[in-house]
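Hi,

Here is the structure I said I'd pass on.

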Amino acid sequence: MTYEKKRVYIVVKTYPTISKDYSELVCTAGVLEDGSWVRLYPVPFRKLDFDQKYPKYTWIEVDAVRNTADFRPETYRPDLSTLSVDTKPKKVDWNERRRIIFKNKKVYTELQELIDKAKSDGTSLAVFKPTKVLDFIVEPVERDWDANKLAILQGLSQQLNLFQTAEEIEQEFKVVPKVPYKFSYRFEDETGKQSTMMIEDWEIGMLYFNCLKRAKGDENVATTKVREKYYDDFIKKDLHFFLGTTKQFHNVAPNPFIIIGAFYPPMPSAEQQVSLFDL
């Protein structure tokens, strides 16, 4: 298989996870110019050059090849040495974002329909619009990364950096902090089916740590601020979820999807609602 240049509009960056094979990983998803989905994996985001660290809602170009280690059809392995990032737009344009994201794309409103499609043809990325958001749930989880994975990564770091000083190795091995809470939405689809789905978004993780810093380490204040943003604020907007499956549970879980991003433009005007049918 040969690498092909892909032009991708980034809409999803998940919060980094720790992998025995690849160190810190970020799952990135976006849409191509024809509106089809693509997942770029693996991406060790924090190790990218500064000018390669792409923000959401920005076009990038990268050579990529179908990742045959992943059966999900949207997954591609990027050659990060070829990655280039377009200039970030100077102002937020929600209409332009809508036009790009919803192009040639079904917006699901019934969760079971999407789950059935995942089982039948491997669909693993989608836009979903909940009929009603019922709650935002905050639950404590393990506060530290898996010790065995960290030990393996530290050993690899030392092996690969034999000519570096201990201080240089320590800088290289700095690990992204783990969010000690799980955030989820409880929502209802158009059939009345209620579901609870975890959120694994870069934005929510960074929001938590930014709020924690402003709250001088008070976790109760930080989680309250996250809830205010993701529940009190977002439910007043035209909230959509970007959903993705995990490779491990795609074919075995009753619902293999998690929320990998939130899309929260203002409610469209009557004129805009009419124009959305032309996307």
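Which backbone oxygen does the side chain of Tyr 15 reach? That of Pro 177, at 2.6 Å.

Before the rest, a word on where this comes from. This is a predicted model, so local features need pLDDT of at least 70 and side-chain atom pairs count only at pLDDT 80 or more, while totals for chains, interfaces and linings use all residues. Residues are numbered from 1 along each chain as its sequence is written, and side-chain values use heavy atoms, with hydrogens and water left out.

Back to Tyr 15. You'll find Tyr 15 in the loop between β1 (4–13) and β2 (17–19); helices (H or I, at least four residues) and strands (E, at least two) are DSSP runs, numbered from the N terminus. Its relative accessibility is 10%, so Tyr 15 counts as buried (buried means under 20% relative accessible area, exposed over 50%, partly exposed in between, with a 1.4 Å probe and protein chains only). Tyr 15 and Val 176 are 161 residues apart along the chain, yet 9.4 Å separates their C-alpha atoms.

Leu 40 is another one to click on. Leu 40 belongs to strand β5 (residues 37–40) and is buried, at a relative accessible area of 3%. Leaving aside residues up to four places away in sequence, Leu 40 touches Val 26, Cys 27, Thr 28, Ile 60, Val 62, Ala 64, Tyr 76 and Pro 78 (contact means heavy atoms within 4.5 Å). For Thr 28, 12 residues from Leu 40 along the chain, the C-alpha separation is 5.2 Å.

Then there is a helix pair. The axes of α5 (residues 202–214) and α6 (residues 219–233) come within 8 Å and cross at roughly 135°. α5 and α6 are therefore oblique to each other (under 35 degrees counts as roughly parallel, over 145 as roughly antiparallel, 65 to 115 as roughly perpendicular and the rest as oblique; angles run from 0 to 180 degrees between N-to-C directions, with axes fitted to C-alpha atoms over the stretch in contact). On the α5 side, the contact is made by Glu 203, Ile 204, Leu 207, Tyr 208, Cys 211 and Leu 212. On the α6 side are Glu 219, Ala 222, Thr 223, Lys 225, Val 226, Lys 229 and Tyr 230.

As for the whole protein chain, there are seven helices and 14 strands. Buried residues make up 46% of its 279 residues. Of the contacts between residues at least 6 apart in sequence, 69% join residues at least 24 apart.

Cheers

Terms used
A polar contact is a pair of N or O atoms within 3.5 Å; within protein, one must be able to donate a hydrogen and the other to accept it, and residues adjacent in sequence count only if both atoms are side-chain atoms.
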